[in-house]
Amino acid sequence: MTTIVTDNCQGCRFTDCVTVCPVACFHGDDKMLYIDNNVCIQCSACIPLCPVHAIYADDDIPEDQQHWIQTNAERSQALPVIGDKQEPLAGAEERKAALGY
Amino acid sequence: MEALGTPPNPLHVAVVGSGPSGFYAAEALLKSGLAVRVDMIERLPAPYGLVRYGVAPDHPKLKEPILLYSAIARLPHFSLLGNVAVGRDVSVEELRAHYHAVVFTCGAQTDRQLGIPGENLSGSHTATEFVAWYNGHPDYRDHSFDLSQEVVVIVGQGNVAADLCRILAKSVDELTTTDIARHALDALAGSKVREIHVIGRRGPAQAKFTNKELKELGELANCDAIVDPRDLELDAASRAEIEAKANFVAAKNVEILRQFAAQAASGKPRRLFFHFLKSPTALAGTDRVEHVVLARNRLDGEPFKQVARETAETEMLRCGLVFRSIGYSGVPIPGVPFDPRRGVFPTQDGRIVDGAGAVMPGLYAAGWIKRGPTGIIGTNRADSVSTVKTLLADVVQLPPIKEPGPDGLRRLLSARGVRTVSVEDWMKIDALEVARGQPAGKPREKFTRVAEMLQCLNVG
C-alpha cells in the first residue's frame with residue numbers, strides 16, 4: 001500500500017496534510033512534501049485535506065504520476081519531518097486557481 | 001521561587017485519558033522546551049483509548065500509531081497512572097490541588113440517541129457497544145448480540161458504520177488472525193446474518209466514507225455490495241457538489257457506488273445493501289425489534305449546504321438487529337462544566353469555561369471532548385497541539401499550588417487502595433497479551449477483564 005505526494009504540491013506546499021497525519025510521516029524540502037511509506041499507516045486522512053488534490057493512494061495514483069512513488073521514497077529519507085502547518089509558497093493561491101481548485 | 005517551567009520548578013500537568021489526543025498533548029508538552037512533568041491518568045489498566053478499543057481488528061495498520069504513543073510513554077518525565085478513574089478514585093478538585101494544569105482528553109464515550117420510538121427495544125444497540133465488544137473493552141465484555149438474526153440494519157454512513165459492515169460481513173476465517181476478542185470471534189462463528197442494510201440520511205454525494213473504506217466494502221470475499229441505481233440519480237445541487245474539483249473524495253465515492261450498482265450480485269453468502277436518502281422514524285416489534293420504519297428524504301438547499309428533509313413516503317424494512325451509528329457524545333465528570341447539547345466540555349481556545357463563559361484556571365481540553373466527535377486519529381494531533389500552545393502561554397498566570405507533583409496524588413490513591421498501572425506494568429500486560437495470541441496466529445489476545453489485567457501484575 002502506498003500513499004504519495006505528486007505534481008500539484010510543487011509551487012503550492014499548503015501543508016494542510018501534515019496537521020492530520022497521526023504518525024508524522026511527511027518530509028519536505030523548499031519545493032514540496034514527500035511521504036515516508038515506511039511510517040505512513042495508510043489512513044488516508046491527508047487526502048481530502050489537500051486543497052489541490054496532490055495526494056493519491058494505491059490504484060488511484062494516475063498513470064502520469066507513477067514516477068512520484070520512487071521520488072517520495074527517496075526524498076522522504078533525506079529530508080526532515082514537517083510536523084506543523086507552514087505558510088504556503090508565494091503564489092500558491094494563484095497556482096491553486098490555475099489548477100482549477 | 002524560580003519561574004514555573006524551569007528545572008527547579010517544573011510545570012506539573014495531569015492529562016486525563018490515554019487515547020490519541022492524550023498522547024499528542026503529552027508529546028507537545030514534553031517537547032515544548034519547558035521543564036514539564038506529565039502524569040497521564042487512564043480509567044482502564046490499558047492505554048491507547050480508541051486506537052485499542054475503536055479501530056477495527058481487520059485494520060491493523062491503523063493501529064500503528066500505538067508505536068508512536070509507546071515511544072511517547074517512554075519519554076523522560078512521562079508517567080502513566082492507569083486504572084484510575086477521575087470522578088471515582090480521585091476528584092477534579094484533588095487533581096487541581098496537585099497539578100498546575102489538567103488537560104482533559106477523555107474523548108466521547110457514549111453514543112448519540114436517534115430520539116425515535118422503539119429505539120431501546122431488545123435487538124437495538126449502539127454501534128459503540130458492538131465495536132467495544134468485539135475489541136474486548138472490559139465495560140462491554142458481557143454484552144451479547146443476537147447474531148441468530150438474518151437481517152441487520154445499520155443507521156449511519158460514516159467510518160464506524162463501515163467497520164460494522166465489514167465485521168458482520170466477513171467470515172470468521174477472515175477475522176481469526178486479527179486481534180479481535182476471542183468471545184466476539186466465538187459469537188461471530190455462529191452468525192446467521194445474511195443481509196446488512198446501511199442507511200444514510202443524505203445522498204450518495206454526501207456519504208462520509210473515505211474512498212478507501214467504501215471501495216473495501218465492494219471487495220469483500222463473503223459479501224456482495226448492492227446499490228439501487230435509482231439511488232444514484234443526483235439532484236442538481238448534488239451534481240454541482242461533485243463537479244466542484246476540490247470535492248474529489250465525494251466524486252470518487254459516487255463513482256465507486258456506480259460500480260457497485262453496475263455489478264451483478266455474484267451469489268456470495270452475505271449481501272450488503274446501501275440505502276440513501278432515508279431516515280428511521282421508528283423501530284417496532286412486540287418483544288424485540290422486528291422492523292424499522294424508514295422515511296424517504298429529499299435534499300433541500302444550496303450545494304454543500306443541503307439538508308435532508310423527511311417526506312411523507314415511508315417504507316418498512318424487516319430486521320432482527322439494529323445498530324445506531326450516528327456519532328458519539330462525551331460524558332460529564334463532576335467538577336467540570338459540561339454542554340449536554342453538544343456532549344462536550346465547553347472551551348475557548350482549549351481553556352475550559354463555565355456556564356457564564358468564565359475561564360476555569362488550570363483546566364483545559366483537547367480532542368473529541370473539546371470539539372465533538374469529528375475527524376479521525378490524526379485530526380486530534382493538531383487539536384492537542386493547539387490546546388497545549390494555549391496552556392503554555394498561560395504558564396505565567398497559572399494559580400500557584402501547595403504541593404505540586406504526583407506524590408500527593410499517589411499517596412491519596414494508595415490510601416484508597418487503588419492499584420495504579422505504570423508504563424512498566426502495562427508493558428508486562430502487553431507482552432502477556434502478545435504471547436497468548438501467538439498459538440492462534442493472532443497479533444495479541446486481549447485481556448477483557450480489568451481483574452485479569454491486574455492479575456498479570458501479581459506474577460513474575
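# Notebook: strands, helices and domains of chain B

**Entry 1. The edge of a sheet**

I began with strands β16(B) and β17 (residues 351-353) of chain B, which run antiparallel and are joined by 2 bridges. Within this pair I found B:T347 standing opposite B:I352 in β17(B). I note here that I am reading a predicted model.

I then asked which sheet these strands belong to. They are part of an open sheet of 7 strands in chain B, whose order is β3-β2-β1-β4-β18-β17-β16. I recorded its pairing as mixed. As a reminder to myself, strands of a sheet pair through backbone hydrogen bonds, either parallel or antiparallel.

Which strands stand at the edges? I found β3 (78-81) and β16 (347-348) of chain B there. Each has a single partner strand, so one side of each is left without a neighbour in the sheet.

Next I looked for a helix packed on this sheet. Helix α13 (residues 379-394) of chain B does so, and it touches β4 (101-104), β17 and β18 (359-365) of chain B. I noted that the direction of α13(B) makes about 150° with that of β18(B).

**Entry 2. Helix α1(B) and its partners**

From α13(B) I moved to a helix that packs with it. Two packed helices are described by the angle between their axes and the distance between the axes, so I looked up both. Helix α1 (residues 20-30) of chain B and α13(B) have axes 8 Å apart and pack at an angle of about 45°. That angle makes α1(B) oblique to α13(B). The crossing of α1(B) past α13(B) is right-handed.

I listed the residues of this contact. From α1(B) they are B:P20, B:S21, B:Y24, B:A25, B:A28 and B:L29. From α13(B) they are B:N380, B:R381, B:D383, B:S384, B:V385, B:T387 and B:V388. Sorted by class, the contact of α1(B) with α13(B) has 7 nonpolar, 4 polar and 2 charged residues.

I then checked α1(B) against helix α3 (residues 65-73) of chain B. Their axes come within 10 Å and cross at roughly 45°. α1(B) and α3(B) are therefore oblique to each other. Is this crossing left-handed or right-handed? I recorded the crossing of α1(B) and α3(B) as left-handed.

On the α1(B) side I found B:P20, B:F23, B:A26 and B:E27, which meet B:P65, B:Y69 and B:I72 in α3(B). This contact of α1(B) with α3(B) has 6 nonpolar residues, no polar ones and 1 charged.

I looked up how chain B is divided. Domain 1 covers 11-109 + 330-421, and domain 2 covers 112-327. I noted 33 Å between the C-alpha centres of domain 1 of chain B and domain 2 of chain B.

How many residues does each domain bring to the contact? Domain 1 of chain B gives 8 residues and domain 2 of chain B gives 15 residues. The side of domain 1 of chain B that touches domain 2 of chain B has 6 nonpolar, 1 polar and 1 charged residues.

**Entry 3. A sheet of three strands**

I turned to another sheet of chain B, an open one of 3 strands in the order β11-β12-β13, with antiparallel pairing. Its edge strands are β11 (278-284) and β13 (307-318) of chain B, and each pairs on one side only. Neighbouring strands of this sheet are turned by 25° against each other on average, direction ignored.

β11(B) and strand β12 (residues 291-300) of chain B are antiparallel and share 6 bridges. I found that a hairpin of 6 residues joins β11(B) to β12(B). Opposite B:A295 in β12(B) stands B:S279, and opposite B:L294 in β12(B) stands B:P280.

**Entry 4. Helices α5(B) and α6(B)**

I looked up one further helix pair, α5 (residues 127-134) and α6 (residues 159-169) of chain B. Their axes come within 11 Å and cross at roughly 55°. α5(B) and α6(B) are therefore oblique to each other. I recorded a left-handed crossing where α5(B) passes α6(B).

In α5(B) the contact residues are B:A127, B:F130, B:V131 and B:Y134. In α6(B) they are B:V160, B:A161, B:D163, B:L164 and B:I167. The contact of α5(B) with α6(B) has 8 nonpolar residues, no polar ones and 1 charged.

**Entry 5. Between the chains**

Last, I looked at where chain A meets chain B. I noted 17 residues from chain A and 18 residues from chain B in the contact.

Definitions and conventions
Residues numbered from 1 in each chain as written. Chains lettered and ligands numbered in written order. Predicted model: local features only at pLDDT ≥ 70, side-chain atom pairs only at ≥ 80, totals over all residues. Contact = placed C-beta atoms within 7 Å. Axes fitted to C-alpha atoms, helices over the stretch in contact; angles between N-to-C directions. Helix = DSSP H or I, 4+ residues; strand = E, 2+ residues; numbered from the N terminus. Parallel < 35°, antiparallel > 145°, perpendicular 65-115°, else oblique. Left-handed = near helix turned anticlockwise from the far one by under 90°. Nonpolar A, V, L, I, M, F, W, Y, C, P; charged D, E, K, R; others polar. Pairing = 2+ DSSP bridges. Domains from an automatic or database assignment.
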